[in-house]
Every structure is written in structure tokens, then in C-alpha cells.
Amino acid sequence: MSSNSGKSPAREQWGSQFGFLMAAIGSAIGLGNIWRFPGVTYSNGGGAFMIPYVVALLTAGVPFLLLDYAVGHRYRGSSPAVFRRMSKRWEWLGWWHVVVCFVIMTYYAVIIGWSLRYTFYSVNTAWDQDKDGAKDFFFNKFLHVASTVGYDSSPVWDVVIPLVVVWAVVIAVIGKGVAGGVERANKVFLPLLVLLFVVLVVRALFLPGAVDGLNALWTPNFDSLGDPKVWVAAYSQIFYSLSIGFGIMLTYASYLPKKTNLVGTGLVAAFANSSFEVLAGFGVFGTLGFMAHQQGVGVDKLQGLTGISLSFITFPTIINEMPGGALFGILFFLSLTLAGITSLISLLQVVGAAAAEKMGTTPLKAALVVGIPAAVVSVFVFGTTSGVYSLDVVDAYINQVGVLSSAIIMSAVTGVILRKLPMLRKHLNKVSDTKFVGTWWIVIVGAALPILLAYMMGDTVLGYIENGYDPKNYSRGFEGIFGWGMLAVSVVATIALTWAPWRTNVDSFTAQDEEGAEYSHAGVPAPAQKSDAKEVTSDAEAASSAQA
């Protein structure tokens with residue numbers, strides 16, 4: 001539904017293409033680059049894993065990233081506005097993107113809060129005072145984890161306080177707008193993150209046993225290349241790492257000037273993200289090599305090589321044993337905090353941009369309208385003694401079902417249903433200095449990727465239906481509430497947001513190429529005398545638009 005009574009406000013723009021690039025890279029570089037890539041590489045063939053990884057980057061990561069860029073840049077709006085302008089029937093897909101981002105940011109902020117608190121814990125290596133070690137400190141002294149799985153509303157103040165600080169910073173950034181907030185923040189946070197992490201990696205490489213860790217990570221096992229699961233792991237890592245398919249890069253690209261080098265910028269962002277992952281591999285496994293050396297065991301005997309365990313249990317244990325451990329800890333957890341904040345900013349921008357357009361309000365008001373409820377959910381669902389349980393389940397379901405389904409549908413809609421890919425390919429080549437996007441891109445994005453992603457999601461969902469996500473730790477009832485129940489609530493929210501009236505004239509829109517020529521949905525130049533005509537998908541949709 002749309003009232004379309006209000007005037008559509010002028011679209012914000014990045015202050016520079018460099019600012020956009022910093023924001024795009026900042027969004028892509030997140031917690032997963034540091035704690036997921038090294039472990040995935042190690043368990044999937046070591047150095048040999050880089051072969052499917054690079055193939056996945058070139059055949060999935062870059063093509064889908066360019067799809068996000070092309071859609072956002074051509075239709076110049078938030079995700080719901082973009083899909084509405086393509087076809088009113090598909091506005092709901094944009095709101096699904098918004099809801100998925102909202103859910104992710106409610107628990108993602110909590111992990112950043114943990115990292116921020118551990119940055120201060122590192123000053124005196126507080127976990128070293130626990131006679132039972134870093135694991136006991138994390139779960140019992142820090143998180144005060146409930147003894148039984150279920151919802152417990154008791155707040156954990158060591159989590160809540162830094163969590164509130166994280167939300168205050170991110171809401172303030174989004175409230176200052178794209179150029180004044182998001183761009184400025186990323187120009188500070190991203191270089192600082194890279195600097196801190198480079199110092200951390202250099203320190204790790206000079207630790208005793210570091211070479212053993214690097215050998216364990218990068219020694220290739222070429223036999224693994226015959227395992228389909230290794231290839232699926234590579235595509236999964238690339239897909240999640242680049243923040244593609246659920247509205248982030250689409251929204252960021254919508255703020256670019258009409259003449260901009262989309263293809264070149266996309267390539268730089270994609271390879272910068274992968275370069276940081278490789279750098280993280282050196283830092284993480286150099287440090288793990290030191291831990292194995294200290295314990296007199298091989299790296300293969302170590303536990304907790306990925307995720308939360310790596311960051312909040314394994315690394316604190318290592319910090320206790322290394323010279324200058326406190327400084328190393330500060331660098332590591334501050335890097336995690338900055339990597340998380342740049343990604344959280346992008347998530348909130350997706351939601352805030354949609355709210356601002358829907359309600360016809362300022363970035364600051366939109367940031368408050370969506371940021372405060374998100375912060376409340378963070379505190380009362382994930383900032384409690386049962387928060388680590390609900391966080392684990394929600395993360396699994398929203399990523400494996402929410403994110404993948406949004407990408408699959410987006411590919412199908414643009415490629416098969418609305419057949420926009422030829423026009424979007426033309427747009428990419430028109431506005432970019434690098435004009436190499438050919439028909440291969442249409443085949444990959446419109447056919448190959450949806451099939452691959454559908455296989456990945458289908459295999460996981462069938463497993464969830466038959467056995468649950470983690471039957472050893474969670475009951476079907478708990479997963480029903482925080483897994484399937486969360487997805488059901490997300491669907492209802494998507495429907496409600498789609499039906500809510502627009503307070504801006506979102507349908508009054510004309511796409512233009514860099515030469516100022518107006519284009520219809522079919523990609524055909526419109527007659528000059530129709531310069532103020534709305535962009536519509538068909539005559540029938542034009543009529544429905546007039547009646548709305």
C-alpha cells in the first residue's frame with residue numbers, strides 16, 4: 001500500500017567514492033573474517049582450500065556483489081523502495097531484507113559488547129585470576145550462563161553496559177547521515193582496524209612455534225578438493241563474508257553518484273575483504289602455533305579453533321602464556337570491536353534507510369525509531385544469563401534460512417521472473433570504467449547461483465527439520481521458539497511493513513544513466529517528452545500505480 005502523498009526527499013550521497021569503498025569494505029570485514037575463515041580453511045584442506053575459495057570469490061562473490069551494486073545504484077533507494085520500483089509485487093522482498101538485518105543486528109551487537117568488555121579485561125588479564133581457566137571465566141564469571149537451557153530474564157551487567165555503549169555509538173553514526181556519519185566513521189574505524197590488526201599479526205609471527213601454526217594452516221591437502229563439502233564450505237564462506245544478498249551492499253550503492261565505477265569498486269572491495277581474511281589466517285594460526293608449542297602438542301590437538309570459543313576462550317588462554325600478553329589482548333579485542341562496529345553500522349543503515357523513506361523522516365529520527373527497539377531486544381533477549389543460548393540458535397536459523405532465502409529469491413526475481421539482468425548488465429558497463437560484465441554474469445547470477453544456494457539452504461533446512469540445529473544442547477521446543485518461531489515472527493513483520501503506507505512519493509522515480517538519458521524498466525531509452533514519467537514495469541502496473 002502507498003499513500004504517496006509526501007514529497008520524496010533528495011537522495012543522500014557519499015562524499016566520495018573512496019568513502020563508499022571504505023564503508024563497503026568495513027561492512028564486509030566483520031567478526032567472521034577473524035574467527036571463521038582461518039578455522040574453515042584449516043578444516044577444509046589447508047592451503048588447497050584457497051583453490052575453491054578463489055573460484056567461489058570469482059564465480060559467486062563478485063557476481064552477486066555486482067548484482068547488489070547494480071540494483072541499488074540504478075533504482076536509488078532503500079531495499080523496499082528498490083524492489084517496489086522494479087515491481088510492486090516484490091516490495092515485500094525488500095522488507096524481508098530489512099527484517100533479516102534487524103534480527104542479525106540485535107545479537108551481533110551483543111558480541112561486539114563482549115569484545116569491548118574483553119578489551120578492558122585484557123589490561124590486567126582478568127580471566128587469569130580464575131583458577132579454572134578462561135573457559136570458566138567466560139561462561140560463569142563473565143556471562144553467568146544459566147545452568148539450564150531456556151529463557152532467563154536476569155541481566156548480565158558486564159554485557160549490558162558495553163552493549164548500551166555500542167548501540168549509542170552506532171545510532172549516533174547513522175543519525176548523522178551517510179556522508180556525515182557512515183562515511184566519516186568508516187574512514188576512521190577501518191584504517192585503525194587494519195593498523196591494529198597488522199601490528200597484532202606481526203607480533204604473532206615472531207612468537208615461538210608460529211611457523212608450526214602457519215604450516216598447519218597452509219600445508220595443502222589436495223585430496224580434499226574431491227570432497228563436495230569443501231567446495232560448499234568455500235562458497236558459504238565467500239557468501240557470508242561479503243555481506244551480499246540481504247540489502248547491505250544494495251543500500252550502500254544507492255547513495256553513489258550516477259556516474260561511478262561500480263565494477264572497479266566492487267572488485268577492489270571483494271579482494272580487500274579476502275586479503276583481510278588471509279591476513280587473519282596468518283595472525284590466528286601463528287598465535288595457535290605458539291599455544292601448541294607451549295603445551296608441547298601439535299596444532300591438530302588444540303580445541304576451539306573457530307567462532308566464540310576461539311575468540312573468548314582460546315585466545316585469552318594464549319594471552320596468559322605469552323610475553324606482553326595484555327597488549328596483545330587489547331589489540332585483538334579492540335580489533336574485534338572495530339570490525340564488528342563497521343559491520344553493525346551497515347546493518348543499521350539498511351533498516352534505518354528503509355524506515356526513513358517509509359516514514360518520510362530524517363536519518364536521526366529513523367535511527368532512533370529502529371535503533372532503540374533493536375537495543376531493547378539486544379538487552380532483554382541476548383544480554384541475559386540465557387543470552388548465549390538464544391544467540392546461538394537465532395544466528396543459525398537467520399543465516400541459514402533468512403539470509404540464504406533472501407539471496408535465492410533476489411536472484412530468481414531479477415533473473416527469471418522480472419528478467420532485469422540484461423538491463424542491469426548494461427547499466428554496470430555503462431557507468432563503470434571497467435566494462436567486462438558479459439552474458440556470463442547473467443548465467444551465473446540468474447541460474448547457477450540460485451541453484452547452488454538452494455542446495456546449500458535445502459540441505460541445512462532438511463537437517464533442522466529432521467534433527468534440529470544442535471540436538472545435543474537444545475530441545476526441539478527451545479529451537480522452535482528461537483529458531484522457527486523467530487522466522488515466523490519475521491515473516492509476519494515483513495507482511496505488516498509491506499502493507500504499511502508510504503509517507504513519501506516512492507513511486508515517483510525515473511532511472512537515468514550517466515549521460516542523463518532516462519530508462520524504462522526494460523532498459524529502453526524513454527521519449528524526451530516523458531522526462532517526468534514514472535518508471536513502471538508494464539501498462540497494467542502503471543494503471544495499478546495510478547489507482548493506489
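The model is a predicted one.

**A network of charges**

Let us begin with the charged side chains. The structure contains nine salt bridges. Side chains of opposite charge can pair when their charged atoms come close.

| Pair | N to O distance |
|---|---|
| Arg84 and Glu91 | 2.7 Å |
| Asp507 and Arg84 | 2.7 Å |
| Glu91 and Lys358 | 3.4 Å |

Through shared partners, salt bridges join Arg84, Lys88, Glu91, Lys358 and Asp507 into one network.

Are Arg84, Glu91 and Lys358 buried or exposed? Buried means a relative accessible area under 20%. Arg84 has a relative accessibility of 4%, so it counts as buried. Glu91 is buried too, because its relative accessible area is 1%. Lys358, with a relative accessible area of 6%, is likewise buried.

**Helix H15**

How does the span of H15 agree with its 35 residues? At 1.5 Å a residue, H15 should span 51 Å, and its end C-alpha atoms are 50 Å apart, so the two values agree. H15 is mostly covered, with 30 of its 35 residues buried. After H15 comes Gly360, which has a positive phi, near 65°.

**Helix H4 against helix H18**

Now to a crossing of two helices. Helix H4 (residues 50-75) and helix H18 (residues 421-431) have axes that come within 10 Å and cross at roughly 85°. Angles of 65 to 115 degrees count as roughly perpendicular, so H4 is roughly perpendicular to H18. On the H4 side, the contact is made by Leu66, Leu67, Ala70, Val71, His73, Arg74 and Tyr75. Facing them in H18 are Leu421, Met423, Leu424, His427, Leu428 and Val431. Sorted by class, this contact of H4 with H18 has 10 nonpolar, two polar and one charged residues.

Leu65 is also found in helix H4. Its relative accessibility is 1%, so Leu65 counts as buried. Which residues does Leu65 touch, not counting those up to four places away in sequence? The partners are Ile244, Met249, Gly266 and Ala270. For one of them, Met249, the C-alpha atom is separated from that of Leu65 by 7.2 Å, although the two residues are 184 apart along the chain.

**A glycine inside helix H16**

Gly371 is found in helix H16 (residues 363-382). The relative accessibility of Gly371 is 0%, so this glycine counts as buried. Leaving aside neighbours within four places in sequence, Gly371 is in contact with Trp167, Ile171 and Leu348. The C-alpha atoms of Gly371 and Met359 are separated by 15 Å, with the two residues 12 apart along the chain.

**Positive phi in two loops**

Finally, a look at the backbone. Most residues other than glycine have a negative phi, and most peptide bonds are trans. Thr125 has a positive phi, near 40°, and is a residue other than glycine. Thr125 lies in the loop between H6 and helix H7 (134-142). Its relative accessibility is 15%, so Thr125 counts as buried.

Arg419 is not a glycine either, yet has a positive phi of about 55°. This arginine is found in the loop between helix H17 (387-417) and H18. Is Arg419 buried or exposed? Exposed means over 50% relative accessible area, and Arg419, at 67% relative accessibility, therefore counts as exposed.

Technical notes: Residues numbered from 1 in each chain as written. Predicted model: local features only at pLDDT ≥ 70, side-chain atom pairs only at ≥ 80, totals over all residues. Heavy atoms only, no water. Salt bridge = Lys/Arg side-chain N within 4 Å of Asp/Glu carboxyl O. Buried < 20%, exposed > 50% of the residue type's maximum accessible area, 1.4 Å probe, protein only. Axes fitted to C-alpha atoms, helices over the stretch in contact; angles between N-to-C directions. Helix = DSSP H or I, 4+ residues; strand = E, 2+ residues; numbered from the N terminus. Parallel < 35°, antiparallel > 145°, perpendicular 65-115°, else oblique. Contact = heavy atoms within 4.5 Å. Nonpolar A, V, L, I, M, F, W, Y, C, P; charged D, E, K, R; others polar. Expected span 1.5 Å × (residues − 1).
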